[in-house]
Amino acid sequence: MPIAFEKVSYTYAPGTPFSYAALKEVDLAIEMGKITAIIGPTGSGKSTLVQHLNALLQPSDGQVLVLDRIITHADKPKQLKSLRKNVGLVFQFPEYQLFEETVLKDVMFGPLNFGVSEEEAKKRAMETLTVVGIDPSIAEKSPLDLSGGQKRRIAIAGILAIDPKVLVLDEPTAGLDPQGSKSMMQLFTQLNRQYEKTVLIVTHDMEHVLNYCDNVVVMQDGKCVTHQTVKEFFNDGKLLHELNIKVPNVLRFKESLAKGGMSLPEGISDLQTLAKAIAGRIKP
Amino acid sequence: MSNIALGRYIPLDSLIHKLDPRMKIIAMFFLLIAVFVPAGYPGYGVLGVFIVSVLLIAKLRLNFIFRAMKPMAFMLVFLLMINVLVLRTGYVLFSFYGFTVYSDAIYQTLYITFRLALMIMITTALTATTKPLDLTLAIEDLLGPLKRFGVPAHEIAMMISIALRFIPTLIEETQRIMKAQASRGVDLKEGKFKEKIMAILSLIVPLFVSSFQRAEDLADAMEARGYVPSATRTRYKQLKRTLKDYIMLFVVLLLLGGLITLAFVV
Amino acid sequence: MKPIEVKHLKFSYDQETDVVRDVSFSVERGSYTTIIGHNGSGKSTIAKLLIGLLEKEEGEILIDGAPLTLENLAAIRSKVGIVFQNPDNQFIGATVRDDIAFGLENHNVDPKEMDGIIERFAQEVNMTSYLNHEPTRLSGGQKQRVAIAGVLAMSPEILILDEATSMLDPEGKGDVNELVDQLHHSRNMTILSITHDIEEVRKSDHVLVMNEGQIVMDGDPDVILHRYADLVKLRLDAPFSVKLALELKKLGIVLDNPMDEEGMVDQLCRLHLKK
């Protein structure tokens with residue numbers, strides 16, 4: 001298994017009065033080639049967890065396996081570039097990391113840092129801009145003049161241009177309007193299906209988990225409390241209730257119908273299928 | 001960051017912590033003057049004992065004071081070298097490789113060391129026992145009489161207090177941007193000169209952009225809540241002088257007077 | 001007299017492209033009004049114009065019947081409180097207590113009365129146990145509640161929320177929404193909320209839909225949220241039940257009131273039993 005956490009603990013500011021254990025002996029294996037959602041309340045350790053994936057944080061205890069690397073407490077922050085090249089991490093509100101004069105230069109910045117030639121970097125930048133839905137005609141504009149949604153796409157393009165195998169995103173839809181977040185999630189699906197990226201998304205939005213993700217990891221109080229397929233997860237009503245998870249609309253509606261005497265088959269996750277199933281029950 | 005001891009507030013509950021910050025600032029000034037009264041080693045002895053007792057009353061641990069002084073060590077070594085080279089008075093202490101060290105060189109260096117140590121202890125006694133915000137209020141009050149001459153006392157205090165409020169936020173922001181750029185292959189430690197410049201730019205530009213954004217938002221929020229810089233406004237935190245403050249200042253003045261007598265009269 | 005009345009408002013940052021063009025609307029006393037629109041549609045600009053942080057180019061803004069001018073800016077700002085989007089960038093004091101005091105100081109409240117006022121409003125937003133906490137030790141939702149307390153302490157009649165929950169996690173969002181509801185009901189405060197939250201729109205009394213600097217729909221949320229095709233064109237979303245009803249309609253099942261999810265479930269279950 002190429003990405004795995006083995007008894008990983010992480011403590012912020014150890015040995016001080018502010019010491020805080022953000023991860024406690026986390027065991028977790030991420031399936032490659034899938035979209036995995038990481039959910040859990042604020043402060044449950046989600047962000048700390050994902051920062052281990054490209055060794056921005058090194059475990060206080062235990063080890064993290066990423067692709068062919070093993071990251072432990074002792075691993076000196078050298079040769080980390082080869083790791084960071086393979087695991088792209090997009091932080092929350094990534095639009096704040098733009099700094100170059102032009103959109104094109106900003107997207108080229110990552111690949112150049114990883115030793116890609118100027119020519120190749122430019123080629124990649126133009127490609128990834130198209131992939132994220134940015135019109136190449138604005139490539140020569142200053143990124144600071146663009147709208148928030150555009151900036152975020154450019155920031156994501158900046159990571160994609162490095163061509164990582166694994167893409168990790170921390171709340172990528174925060175602050176976007178409904179259509180903006182929908183097309184953002186569709187972009188990740190495309191990256192996963194078409195470009196075969198392994199995608200990890202930290203999110204609070206259960207609709208997104210249900211509609212776009214394959215697997216789900218639930219963090220709580222620094223521990224991974226469950227890790228399963230999205231399908232299984234949303235079928236386990238008791239667990240959802242225990243974890244205080246807001247049930248997505250389709251499933252909530254289905255539950256209400258079941259209470260009223262109309263039980264529909266399992267595995268319905270989208271609106272159209274739900275409507276058809278209802279119609280099938282009502283119409284002869 | 002947490003290693004910096006100089007100028008840091010230590011939240012403890014002591015008599016010194018409770019004193020009025022304005023009176024503490026005034027007392028600090030008198031004590032700093034006392035350091036420069038040429039009362040010789042006996043004078044420094046008295047002053048030293050006084051300040052150490054103040055620090056002990058403030059429940060500060062003395063190793064904290066030593067940590068505050070650490071940054072000065074390099075300066076003192078440098079000073080000693082200069083003195084050894086330059087000062088050729090007093091009696092000969094020893095010589096090596098044809099080089100003679102005179103007593104005054106050591107004497108002078110010790111003298112300056114004592115002064116510096118005293119000054120650091122005095123300022124630490126103020127900053128470690130007074131909340132930064134209370135210090136700004138005190139500065140505003142003390143600068144108050146200068147308003148007449150166009151000194152914007154209130155604005156200065158407001159600027160300092162907002163800066164203090166945003167330091168943790170900006171540190172957090174810097175760390176976040178550093179991590180975000182590290183994910184894009186930025187390496188501040190290695191790389192060629194040009195790469196390093198780019199690495200630094202990749203931190204500074206975003207930090208500036210977001211700081212301007214914050215400043216704009218904050219200005220909006222302040223204005224929306226009725227803040228007008230030039231208008232009169234009341235103040236929630238009222239500084240109060242009590243008898244204790246006057247006694248403290250009296251003791252300090254007594255000490256200063258004593259040292260002056262020791263230096264010039266005796 | 002209406003608490004907010006806006007007539008033919010126009011504004012641009014650069015004199016070329018109008019961010020707000022010919023906007024007119026009014027808000028009823030004690031009502032809960034929402035403004036929706038995709039990012040960049042000009043919603044937040046309206047909020048800033050209403051409290052005089054931006055100066056209008058043309059048109060009129062009346063607060064409680066009085067036109068907003070430079071002269072009565074202070075009077076109007078004490079009637080209208082606003083909570084902004086970013087919880088970090090509006091926390092001014094070093095602690096919760098100092099932050100609530102900030103507005104009081106601006107209004108020349110007697111320092112002796114401040115503690116009482118601060119404690120009363122901290123209690124109202126349920127932050128009493130955090131009074132001496134610094135902002136870095138608070139969550140986004142808690143910071144926004146402090147911001148609301150700071151606004152309430154100035155006893156405004158109108159509360160504007162400029163995407164106040166959009167940067168919060170679900171828990172913070174829930175807390176803040178609940179608090180705003182409570183203020184709306186118990187104090188009969190007039191609320192004007194700029195939001196992306198369709199659930200908030202649904203429970204509001206009145207919704208304004210903005211696009212390209214103009215108000216393109218204005219009315220009852222029940223009616224407007226129904227117009228799914230129009231909303232999608234404006235890059236907006238509709239409530240789940242509306243979308244489902246639309247899908248069902250395509251399949252030949254027509255329901256009475258798709259805004260009411262419970263009623264919808266009832267109807268469907270009845271149809272199911274009849275069969």
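Into which domains is chain B divided? Chain B has domain 1 (1-129 + 240-266) and domain 2 (168-228), with bounds that come from an automatic or database domain assignment.

## Model and conventions

This is a predicted model, in which local features need pLDDT of at least 70 and side-chain atom pairs count only at pLDDT 80 or more, while totals for chains, interfaces and linings use all residues. Residues are numbered from 1 along each chain as its sequence is written, chains are lettered from A and ligands numbered from 1 in the order in which they are written, and side-chain values use heavy atoms, with hydrogens and water left out.

## Chain B

The C-alpha centres of domain 1 of chain B and domain 2 of chain B are 39 Å apart. The mean pLDDT (the predictor's confidence in each residue, from 0 to 100) of chain B is 87, and 98% of its residues score at least 70.

Helices (H or I, at least four residues) and strands (E, at least two) are DSSP runs, numbered from the N terminus. Within chain B, confidence is highest in helix H2 (residues 21-35), at a mean of 94, and lowest in strand E1 (residues 92-96), at 77.

## Interface of chains B and C

Contact (heavy atoms within 4.5 Å) joins 25 residues of chain B to 36 residues of chain C. The buried area, meaning accessible area (1.4 Å probe) that two parts lose on being put together, summed over both, is about 2600 Å², and carbon and sulfur atoms give 53% of it. B:Arg165, B:Arg225 and B:Tyr236 supply 36% of the area that chain B buries against chain C, more than any other three residues.

The interface of chain B and chain C holds 5 salt bridges, each a side-chain nitrogen of Lys or Arg within 4 Å of a carboxyl oxygen of Asp or Glu. B:Arg233 forms a salt bridge with C:Glu105, with the closest N and O atoms 3.0 Å apart. On the side of chain B that touches chain C, helix H7 (153-182) and helix H8 (193-224) of chain B each supply at least two residues. The largest share, 9 residues, comes from H8(B).

## Domains of chain C

Chain C is assigned domain 1 (4-237) and domain 2 (239-275), whose C-alpha centres are separated by 35 Å. Their contact takes 8 residues from domain 1 of chain C and 7 residues from domain 2 of chain C.

These two domains bury about 790 Å² between them, 66% of it on carbon and sulfur atoms. C:Arg202, C:His226 and C:Tyr228 lose the most area on the domain 1 side, together 62% of what that side buries. The interface of the two domains has 1 salt bridge. The side chains of C:Asp237 and C:Lys243 meet in a salt bridge at 3.2 Å, N to O.
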